[in-house]
Amino acid sequence: MFKHLGVVGAGTMGSGIAHLAVLSNIDVLVYDVNETVLRRMGERIKQDVRRLAQHGKITPEQAANALSLLHTRTSVADLAHCEFIIESVVEDIRIKRDLFKHLDLNTRPTAVLATDTSSLSVTAIASQARFPERVVGMHFFNPVATSPLVEVVRGQRTGSKAVDTTMTFARFLGKTPIEANDTPGFIVNRIATPYYQEAVHLVAEHVAEPAQIDRIMREIGGFLQGPLEKMDEDGTDIHLEMARSMMDQYFGEPRFRPAPLLRRMAEGGMLGKKSGQGFYSYEKMK
Amino acid sequence: MAKKTPTASKRSKPAKRAPRQAPKTASKRGVLTKPSAVASVSSESVLLLGDERLVQEYQTLLTSNGFTVHTSIPRTGSKLSYAIECTNLDRTAKRERLTILDRVLSPDRVLLSSSVTVSATEQANWITHRNRLVGFGILPTLSQRPLVELAPTIHSPTEAVEQAAEFFARVGKQTEVVQDRVGLVFARTLCRLINEAAFALTEEIATPQDLDAALKMALQHPNGPIEWVERIGLDQVSALLKALESESGDARYRMAPLLHQMALSGEWWKR
């Protein structure tokens, strides 16, 4: 495996990936424009790694080694020597396209450039790069530490070498990579979106109460979680955006049309667990 | 059950009705007065008609819970406690079977009918004793699950819903009462997942095996979408999607051409 990983963006996903990589003995450079975000990420990873050592999951030496491999940078030029760079900045096509144009110009041409986008097109993100064949999707799932799946996305112009390297890298991190073509939502978000939206339609049409719907899916189908409690956990705004983005990319395909109730909830601040109210109320738990 | 309950909503209080034809029927109460309770509980008989797979599964379930199960009209003299219609595939056949069940089952007993592809309200209009029809959810391979969906119609008196719940309790199932809409909750939600997976396969996003693996890993689903089709059966999934599309007129239920072709050819994708 390569020695130096570059991570662009120190948010939830970026720090999760950095955490995984240092534990796998890879030298990680995390770049973010915001120093506060970088510092917070460093503290969080330090805490998490020390906790692993306290619980005996890793030795104190492994913990010390992992933390010595984590570096933060506020200049993107410092990533120039990385062999693999993964980006998880805000889901905005213009920002990502510009970032990849910049990375393409300022890194060694053999480096693989990966994007952790969940809803944008890998092909579009690669469009301004001189070498689009090295741009690939590497979609992690939340929580990065425990979720076993990584979708490796082959854009229209992605080369086999970039795909192979990314598959190997995912396995090296202990994940199970699955290759997917570059269509809106890739595999999981694509297939699950109509399922989630249908559950919201059922609530809106008063076919059953949210608790009934979740119970029916668990008890009859054997699902670990019902769709509505899962949406509350992920955030109703996230699910609204996902469906909206897929409907746009499919030019108004009705299968992805968000349920109007979901928009009402997101607009009204009923975002799920994180706001204390979604399909269920979480006020008592505070 | 009275023959006419003008527009009794299912949530309204039950009207007082004539007691169940007491001594002659092999009702639970009558049977329990006999000395050997264990053996005699089993004497209640059920008439079961419908899709072959569903009839087989329910026959196993009911027999193991002590019911005597008939899958064709029993000879005169055997008194039925329950009648269950479980056809999802063929509307015409369903109507014929329901008419038979309505004729042979005493009017004071609940008539349970699958309302997965035809609403219970529509079915109630096919029969004479429409008040006693209560819809329920049934799909292949789920007969051992601990819960079942019940869909009373606008005509169903509380007593009918109670009889239905009591019946399912005796085969080890809890009930969840939902509104009478085609597909109920489970079938309707699940078929959206399956249909989208079929569209994704058409676009060759990934292999069928990878689709299944991805959903199971990322969302901890018990089966991947392709495995769901193999469990439930293409014929049932196809009937369900068609029913949802024609009932709602909404294009979001439009069946993936791949599913349609496979349903016609009787083949499933294997690579």
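Tutor: What follows is a walk through that contact, and then some salt bridges within the chains. This is a predicted model, in which local features need pLDDT of at least 70 and side-chain atom pairs count only at pLDDT 80 or more, while totals for chains, interfaces and linings use all residues. Residues are numbered from 1 along each chain as its sequence is written, chains are lettered from A and ligands numbered from 1 in the order in which they are written, and side-chain values use heavy atoms, with hydrogens and water left out.

Start with the extent. Chain A brings 44 residues to the contact and chain B brings 47. Contact here means heavy atoms within 4.5 Å. The size of an interface is often given as the accessible area lost when the parts come together. Chain A and chain B bury about 4,200 Å² between them, and 63% of that lies on carbon and sulfur atoms. Ile191(A), Ile220(A) and Arg255(A) supply 17% of the area that chain A buries against chain B, more than any other three residues. Buried area is the accessible area (1.4 Å probe) that two parts lose on being put together, summed over both.

A salt bridge is a side-chain nitrogen of Lys or Arg within 4 Å of a carboxyl oxygen of Asp or Glu. Arg190(A) and Glu196(B) form a salt bridge, N to O 2.5 Å.

Which elements of chain A give two or more residues to the side that touches chain B? They are strand 8 (176–181), helix 7 (188–204) and helix 8 (210–221). Helix 7 of chain A gives the most, with 10 residues. Helices (H or I, at least four residues) and strands (E, at least two) are DSSP runs, numbered from the N terminus. By class, this side of chain A has 25 nonpolar, 8 polar and 11 charged residues.

Stay with helix 7 of chain A. Of its 17 residues, 16 are buried, so the helix is largely enclosed by the rest of the structure. Buried means under 20% relative accessible area, exposed over 50%, partly exposed in between (1.4 Å probe, protein chains only). After helix 7 of chain A comes His206(A), with a positive phi near 55°.

Next, the wider set. The whole structure holds 31 salt bridges over all chains. One network of them links Glu198(A), Glu205(A), Arg257(A), Arg181(B), Arg188(B), Arg192(B), Asp250(B) and Arg252(B). Arg255(A) pairs with Glu253(A), the closest N and O atoms being 3.3 Å apart. Glu253(A) counts as buried because its relative accessibility is 15%. Arg255(A) counts as buried at 4%.

In chain B, Arg91(B) meets Glu122(B) in a salt bridge, with the closest N and O atoms 2.2 Å apart. This pair links distant parts of the chain, helix 4 (residues 91–104) and helix 5 (residues 120–124), 31 residues apart. Arg91(B) is partly exposed at 43% relative accessibility, and Glu122(B) is partly exposed at 26%. Arg132(B) forms a salt bridge with Asp102(B), closest N and O atoms 2.9 Å apart. Arg132(B) and Asp102(B) are both buried.

Note on methods: Ala, Val, Leu, Ile, Met, Phe, Trp, Tyr, Cys and Pro count as nonpolar, Asp, Glu, Lys and Arg as charged, and the others, Gly among them, as polar.
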